Amino acid sequence: MKSPRSRLSVSRAPRDNAPRTAAKPAAPRHASPRKPELAPEDRKLLLLNKPYMVLCQFTDEAGRETLKDYISEPGIYAAGRLDRDSEGLLLLTNDGKLQARLTQPGEKTPKTYWVQVEGIPSEEKLAALRAGVELNDGMTLPAGARIMDEPAVWPRNPPIRDRKEIPTSWLEIKIVEGRNRQVRRMTAHIGHPTLRLIRYAIGDWTLDGLAPGESRALPAPELAPAPRRAQAPNKPRSQGTGSSNPRASQPTRRPHGQGQRRDSRDASPRPANRSGGRGTARRPARNNPSK
């Protein structure tokens, strides 16, 4: 009777010597082309006095007022942001390098705010702002803070809420950070909520001569080269035969307290076998009892 034929299993793994299909090479990634640098005469800088309740962007699906209602210059963008319920100076430029230089935290561009707060802060509370206060996202850097006279500014529409039993005061606050609603959180932390906030200056640029909604074109400043980061000192190269192995040029270390005498003893011949060690000599053959 014939034995049943063995069936070939399809689930068996291929043999090692079986030809394998080569993996398809990954498609090369094409780097996006860099934008050409602007010529000095094409670089633009605009100063805008942003009105109250205007979004610091050019489009809005809800139909609210944006920068497009006040700026018609094409290819220009805001360098930094200003909250919708804040007013004052906003810089716009078409130069990406200038925009990055003005907004990078490491540059620490000073910004000056005129802030109307509820109540009159004490000198102790102003000193707390100067030293830095603890917010929910960490300590603020030291800031400038002082009580100032009420500035001659335009009336806000709508005006701030007025409480006859609670006086208001104006503060000049200078910071070098740009956290979300930072100035408002700082004044609330010391117990004096912000009622009105106007950004007066960014660096050396100010609001002087600008009514709400007005802008002024200025020549973009020449940018100095960005400071390079300090590099780690190079490790000293090993002097020797130029071998790629760093251990090849290092001297052989010797045990502490041993010198030439130890070397001379090492050079002397050692016995073939020691007690407690592995011998190299062959053992004598045992006598065969059958002979």
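# Close-up views of the predicted model

**Figure 1. Arg 199 is buried yet makes no salt bridge, and its nearest oppositely charged side chain, Asp 83, sits 8.6 Å away.** Here buried means under 20% relative accessible area, exposed means over 50%, and partly exposed falls in between, using a 1.4 Å probe and protein chains only. A salt bridge needs a side-chain nitrogen of Lys or Arg within 4 Å of a carboxyl oxygen of Asp or Glu. Residues are numbered from 1 along each chain as its sequence is written, and side-chain values use heavy atoms, with hydrogens and water left out.

Arg 199 belongs to strand 9; helices (H or I, at least four residues) and strands (E, at least two) are DSSP runs, numbered from the N terminus. What the Arg 199 side chain does have is a 3.4 Å polar contact with the side chain of Tyr 113. That term covers a pair of N or O atoms within 3.5 Å; within protein, one must be able to donate a hydrogen and the other to accept it, and residues adjacent in sequence count only if both atoms are side-chain atoms. Leaving out residues up to four places away in sequence, the residues touching Arg 199 include Arg 81, Glu 87, Leu 89, Lys 111, Tyr 113 and Leu 207, where a contact is heavy atoms within 4.5 Å.

**Figure 2. Glu 87 and Arg 196 pair up in a salt bridge, with their closest N and O atoms 2.8 Å apart.** Glu 87 sits in strand 3 and Arg 196 in strand 9, so this bridge ties together parts 109 residues apart in sequence. Both Glu 87 and Arg 196 are buried.

**Figure 3. Arg 43 meets Asp 95 in a salt bridge, the closest N and O atoms being 2.6 Å apart.** Arg 43 comes from the segment before strand 1 and Asp 95 from the loop between strand 3 and helix 1, so the pair joins parts 52 residues apart in sequence. Arg 43 counts as buried at 13% relative accessibility, and Asp 95 counts as buried at 10%. Across the whole structure, the search turns up 14 salt bridges.

**Figure 4. Asp 85 and Arg 181 form a salt bridge with closest N and O atoms 3.0 Å apart.** Distant parts of the chain are linked here: Asp 85 is in the loop between strand 2 (77-78) and strand 3, Arg 181 in the loop between strand 8 (168-175) and helix 3 (182-189), and the two are 96 residues apart. Arg 181 is partly exposed, at 33% relative accessible area. Asp 83, Asp 85, Arg 181 and Arg 184 are all linked in a salt-bridge network.

**Figure 5. Helix 3 packs its buried residues against strand 4 (111-118), helix 2, strand 5 (134-135), strand 8 and strand 9.** Those buried residues are Gln 182, Val 183, Arg 184, Met 186 and Thr 187. Just after helix 3, Gly 191 takes a positive phi of about 90°.

**Figure 6. Leu 45, Leu 47, Leu 89, Leu 91 and Trp 114 touch the most other members of the largest nonpolar core, which has 17 residues.** Two or more residues each come from strand 1 (44-50), strand 3 (87-93), helix 1 (96-103) and strand 9 (194-202). Strand 9 gives the largest share, four residues. Another core lies apart from this one, with 16 residues, among them Leu 129, Ile 173, Val 183 and Met 186. A nonpolar core is a set of buried Ala, Val, Leu, Ile, Met, Phe, Trp, Tyr and Cys residues joined through side-chain atoms within 4.5 Å. Leaving aside neighbours within four places in sequence, contacts of Leu 45 include Leu 91, Leu 98, Trp 205, Leu 218 and Pro 221.

**Figure 7. The structure holds one aromatic pair.** The rings of Trp 114 and Tyr 200 have centres 4.3 Å apart and planes at 10°, so they are stacked. Trp 114 is in strand 4 and Tyr 200 in strand 9, so the pair ties together parts 86 residues apart in sequence. Trp 114 is buried at 15% relative accessibility, and Tyr 200 is buried at 17%. Rings of Phe, Tyr and Trp (its six-membered ring) pair if their centres lie within 6.5 Å; planes under 30 degrees apart are stacked, over 60 edge-to-face, and the rest tilted.

How values were computed. Predicted model: local features only at pLDDT ≥ 70, side-chain atom pairs only at ≥ 80, totals over all residues. Lys, Arg positive; Asp, Glu negative; His and termini not counted.
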